[in-house]
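Colleague: Hey, I'm new to this one. Could you walk me through it?

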Amino acid sequence: MDIKQDTINAEEMAKRLNTTSSNIRKWCIELEKHGYEFVKDNRKKRYYSVTDQTLLSNLKYAIQEKKLSLEIAAMTVIKGFDRNRSSSSTQEEHLKKEENNRELSVPQEHNNLTTDAVLNTMKEQFEQQQSINDKLLEMLDYYKDALQASEDKRRTEQEHMSKQLKELEERLADKISQQINNRDKEMMEYIRSSQQQQKEQLLEIAATQQSEEEQKKGFFARLLGK
């Protein structure tokens, strides 16, 4: 297959985009999965046009600057490319009609002016495509920020719940500790009360025994006195 002179190979494309040939090949494979086609020679080696460079540049930006996955980034730039290509096709048809009409009425020396008009139109189309891609990336940024906000809210709620559970555990632990202390206190009071009762009972028994002994002594004293 004849390769156009205005195309470049992967090594040159890598230099222009300040990346590696490996990244270029990896990005191209992902773009081809989504239907994009590159010019290839008989050995299936890819060659890249100005349009391909624009597409790969947008893909690099989406991956490295917007932190999108390769698959999502490829889908985004392809979608923007398809929209711009649809719009460009209509403009190109209109431009061709104008050129045909001009060729019938404009002398040959004015061909350079027509070429400049074509270049200006191509420039406008490039800028339009870039604008569409920027809008798509802005939309992705919006959804990305929304997902991040949702994740932050979920994390905050989880931290709040964890804090409440921790406080509940601490209160429960304090309550259990207080109950244990109260039980120990009641037990000690019960033991002291039991000991006091036993002591009082012993004192009463001792007093009773002493009283009985004194009564016996008084009886024998009276008996012997007689």
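Colleague: What am I looking at, and how are residues numbered?

Modeller: It's a predicted model, where local features need pLDDT of at least 70, side-chain atom pairs count only at pLDDT 80 or more, and totals for chains, interfaces and linings use all residues. Residues are numbered from 1 along each chain as its sequence is written, and side-chain values use heavy atoms, with hydrogens and water left out.

Colleague: What's the mean pLDDT of the chain?

Modeller: The mean is 80, and 79% of the residues reach 70 or more. pLDDT is the predictor's confidence in each residue, from 0 to 100. Over residues 101-111 the value is below 50, and that stretch has 1 contact in the model beyond near neighbours in sequence. Contact here means heavy atoms within 4.5 Å.

Colleague: OK, and how many helices and strands does the chain have?

Modeller: There are 5 helices and 2 strands. Starting at the N terminus, the order is α-α-β-β-α-α-α. Helices (H or I, at least four residues) and strands (E, at least two) are DSSP runs, numbered from the N terminus.

Colleague: How much of the chain is buried?

Modeller: Of its 226 residues, 22% count as buried. Buried means under 20% relative accessible area, exposed means over 50%, and partly exposed is in between (1.4 Å probe, protein chains only). The accessible surface of the chain is about 17700 Å², and 51% of that belongs to carbon and sulfur atoms. Those areas come from the Shrake-Rupley method with a 1.4 Å probe; for residues, only the protein chains shown count as cover.

Colleague: Let's go inside. Which residues have the most contacts in the largest nonpolar core?

Modeller: Ile24, Leu31, Tyr48, Leu56 and Leu59, in a core of 24 residues. Such a core is a set of buried Ala, Val, Leu, Ile, Met, Phe, Trp, Tyr and Cys residues joined through side-chain atoms within 4.5 Å. In soluble globular proteins, nonpolar side chains tend to be buried together.

Colleague: Which elements give two or more residues to this core?

Modeller: Helix 1 (10-16), helix 2 (21-33), helix 3 (50-64) and helix 4 (70-105).

Colleague: Tyr48 was on your list. What is Tyr48 in contact with?

Modeller: Leaving out neighbours within four places in sequence, the partners of Tyr48 include Thr7, Met13, Ile24, Cys28, Phe38 and Leu56.

Colleague: And Thr7, where is that one?

Modeller: Thr7 sits in the segment before helix 1. Thr7 counts as buried because its relative accessible area is 12%. The C-alpha atoms of Thr7 and Ser49 are 4.7 Å apart, although 42 residues separate the two along the chain.

Colleague: What about Asn58, buried or exposed?

Modeller: Asn58 has 7% relative accessibility, so it counts as buried. Asn58 lies in helix 3 and touches Val77, Gln129, Gln130 and Asn133, not counting residues up to four places away in sequence.

Colleague: Switching to charges: how many salt bridges are there?

Modeller: The structure holds 9. A salt bridge is a side-chain nitrogen of Lys or Arg within 4 Å of a carboxyl oxygen of Asp or Glu.

Colleague: Which residue does Lys33 pair with?

Modeller: Lys33 pairs with Glu30, and their closest N and O atoms are 3.7 Å apart. The two are separated by about one helical turn because they are 3 residues apart in helix 2. Lys33 is exposed at 61% relative accessibility, while Glu30 is buried at 11%.

Colleague: Which residues are linked in a network of salt bridges?

Modeller: Glu151, Asp152, Arg154 and Arg155. Arg155 bridges to Glu151, with the closest N and O atoms 3.6 Å apart, and to Asp152 at 3.0 Å, N to O. Arg155 and Glu151 are both in helix 5, 4 residues apart. At 35% relative accessibility, Arg155 is partly exposed.

Colleague: Last one: which residues make a nonpolar surface patch?

Modeller: Met187, Met188, Tyr190 and Ile191 make one of about 430 Å². Patches are made of residues with over 30% relative accessible area and no salt bridge: like charges are joined within 9 Å, nonpolar side chains (Val, Leu, Ile, Met, Phe, Trp, Tyr) within 5 Å. Ile191 is in helix 5 (residues 111-225) and is partly exposed, at 36% relative accessibility.
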